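The sequence and structure come first.

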Amino acid sequence: MEIWVNPACSKCRSAVSLLDEAGVDYTVRRYLDEPPTAAELAEVLERLGLEPWDIARTAEPVAKALGLKTWAREPSTRDQWIEALVANPTLIQRPIITADDGTTVVARTPEAVQSVLP
């Protein structure tokens, strides 16, 4: 199991605490320090069943600077969105947990974290 976190994020700290309480083995990835590649992000999106715009933090200053809210949300712009998220990992919603069984969630709630526990 891997969890993508920003240590400054309270939801990330909460998710890590829940994983610790459950006693599961996991790897922490500080995705701001070690951003995902486009291929990794595409795989996570596939596992989530979401599109890149679904996990984009459009209120971030960099999103405003890029004009992200005005970008088209369609298959032809998917790669553009992925590249923007990879180049600016602060735009990626957090935390994201990928479980060994393939289950992947944006773990912003305790229920989402619990859904990936064995």
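## Charged pair within a helix

Glu43 has a relative accessible area of 45% and therefore counts as partly exposed. The model described here is predicted. Glu43 forms a salt bridge with Arg47, with 3.8 Å between the closest N and O atoms. Both residues belong to helix α2 and lie 4 residues apart, so about one helical turn separates them. Arg47 is partly exposed as well, at 30% relative accessibility.

## Charged pairs between distant parts of the chain

Arg78 and Glu51 meet through their side chains in a salt bridge, at 2.6 Å from N to O. This pair links distant parts of the chain: Arg78 sits in helix α4, Glu51 in the loop between α2 and α3, and 27 residues lie from one to the other. Arg78 is partly exposed at 22% relative accessibility, and Glu51 is partly exposed at 27%.

A network of salt bridges with shared partners joins Arg29, Glu34 and Glu40. The salt-bridge count for the structure comes to 5.

Helix α4 spans residues 78–87, and its buried residues include Trp81, Ile82, Ala84, Leu85 and Val86.

## Cysteines

How many disulfides does the structure hold? The number is 0. Cys9 is in no disulfide, and the nearest cysteine sulfur, that of Cys12, lies 3.5 Å away. Because a disulfide requires sulfur atoms within 2.5 Å, the 3.5 Å from the sulfur of Cys12 to that of Cys9 is too far for a bond. Both residues are on the buried side of the scale: Cys9 has a relative accessible area of 7%, and Cys12 has a relative accessibility of 1%.

## Confidence

The protein chain has an average pLDDT of 96, and 100% of its residues score at least 70. Among the elements of the chain, the highest mean pLDDT, 98, belongs to strand β1 (residues 2–5), and the lowest, 95, to helix α5 (residues 110–114).

Notes. Residues are numbered from 1 along each chain as its sequence is written. This is a predicted model: local features need pLDDT of at least 70, side-chain atom pairs count only at pLDDT 80 or more; totals for chains, interfaces and linings use all residues. Side-chain values use heavy atoms; hydrogens and water are left out. Buried means under 20% relative accessible area, exposed over 50%, partly exposed in between (1.4 Å probe, protein chains only). pLDDT is the predictor's confidence in each residue, from 0 to 100. Helices (H or I, at least four residues) and strands (E, at least two) are DSSP runs, numbered from the N terminus. A salt bridge is a side-chain nitrogen of Lys or Arg within 4 Å of a carboxyl oxygen of Asp or Glu.
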